[in-house]
Amino acid sequence: MSIKSFSDYLLLEKKYSNLTVKAYENDLKDFKDFVASHYEQENLEAINYSQIRTWIVALVEKSITNRSINRKVSALNSYYKFLLKIGAVEANPLAKHKALKTSKKIQVPFSETEVATVLDELYYQDDFEGIRNRLIIELFYSTGIRRIELVNLKLNDLDLPNKTLKVLGKRNKERLVPLLDSVIQTIHKYIDTRKTLENIQENTHLFLTKKGVKIYETLVYRIINEYFSIASTKVKKSPHILRHSFATHLLNQGADLNAVKELLGHSSLAATQIYTHNSIAELKKVYLNAHPRSDK
């Protein structure tokens, strides 16, 4: 069964993004090259776990991180699940495989003070780029959307009378997120300034570069990193950390975990629970300050 058939399955049935499918293809081709050179084996349907284990060991010896190796094995596991589903193999050779241990990444959110500094104290040029950059930061912090979701926002995703924004998330799943009045004001200002661009080549998407084309992910990252580098000393300053801050600050203020899950576009509550460690720390602080038996 060709890798192309698997790719079509991921794109058409599983609704994976082109970027994700390309990553799966690369991992599978790397594995295919490995077994071809080490075992002279061209048929992936005849591979056994011992051969896969040898590949994993080879990856470890190349000093590839456990997290990256687990991702590659996950791609291979998905491929064999697909083969099992269509009856091309009788068993998944990775059925009993256990992932390599990885250290948990600690995502440190921006503090409310740091976000307030960026939004209330920093200077933004009163031109297209300045207004656009401010709106990008406001949208990230007020909606918790992902970077790729922001990049792909379209003008017709805005429903300003109803104060909502339609977001196309992972696997083409749509969700509506509410918009704050302050953000709507910035949106109006941005759209008015957007119209003054001399050479608009993209009339569909909301966010453009000053050249009038659709904004791209690395530029969005640079914008967040630039502004938050002024206000924060944290090592990582990215759109994802701003999304993380959105969730953490909501939970700190008592927001329901399920509501935050829906706002973030998570498919399961487990994905949202990673944000609760900061909320729990805040609860402990309140508890220790309020309980009559606490040493305070």
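Is Tyr124 buried or exposed? Select Tyr124: its relative accessible area is 11%, so this residue is buried (buried is under 20% relative accessible area, exposed over 50%, partly exposed in between, with a 1.4 Å probe and protein chains only). The model is predicted, so local features need pLDDT of at least 70 and side-chain atom pairs count only at pLDDT 80 or more, while totals for chains, interfaces and linings use all residues. Residues are numbered from 1 along each chain as its sequence is written, and side-chain values use heavy atoms, with hydrogens and water left out.

**Aromatic pairs**

The structure holds 11 aromatic pairs (rings of Phe, Tyr and Trp, the last by its six-membered ring, with centres within 6.5 Å; planes under 30 degrees apart are stacked, over 60 edge-to-face, the rest tilted). Select Tyr79 and Tyr80 next: their pair is edge-to-face, with 5.6 Å from centre to centre and 65° between the planes. Both Tyr79 and Tyr80 are buried.

Helices (H or I, at least four residues) and strands (E, at least two) are DSSP runs numbered from the N terminus. Tyr227 is buried too, at 9% relative accessibility.

For the cluster linked by ring pairs, select Phe6, Tyr9, Tyr16, Tyr24, Tyr79, Tyr80 and Phe82.

**Arg134 and helix H6**

Return to Tyr124 and show Arg134, whose charged end sits over the ring, 5.2 Å from its centre (NZ of Lys or CZ of Arg within 6 Å of the ring centre and within 35 degrees of the ring normal). Now select H6: 13 of its 16 residues are buried. Just after H6, Gly144 has a positive phi of about 75°.

**Lys72**

Lys72 lies in helix H4 (residues 66–85) and counts as buried at 12% relative accessibility. Leaving out residues up to four places away in sequence, Lys72 touches Asp27, Asp30, Trp55 and Leu59 (contact means heavy atoms within 4.5 Å).
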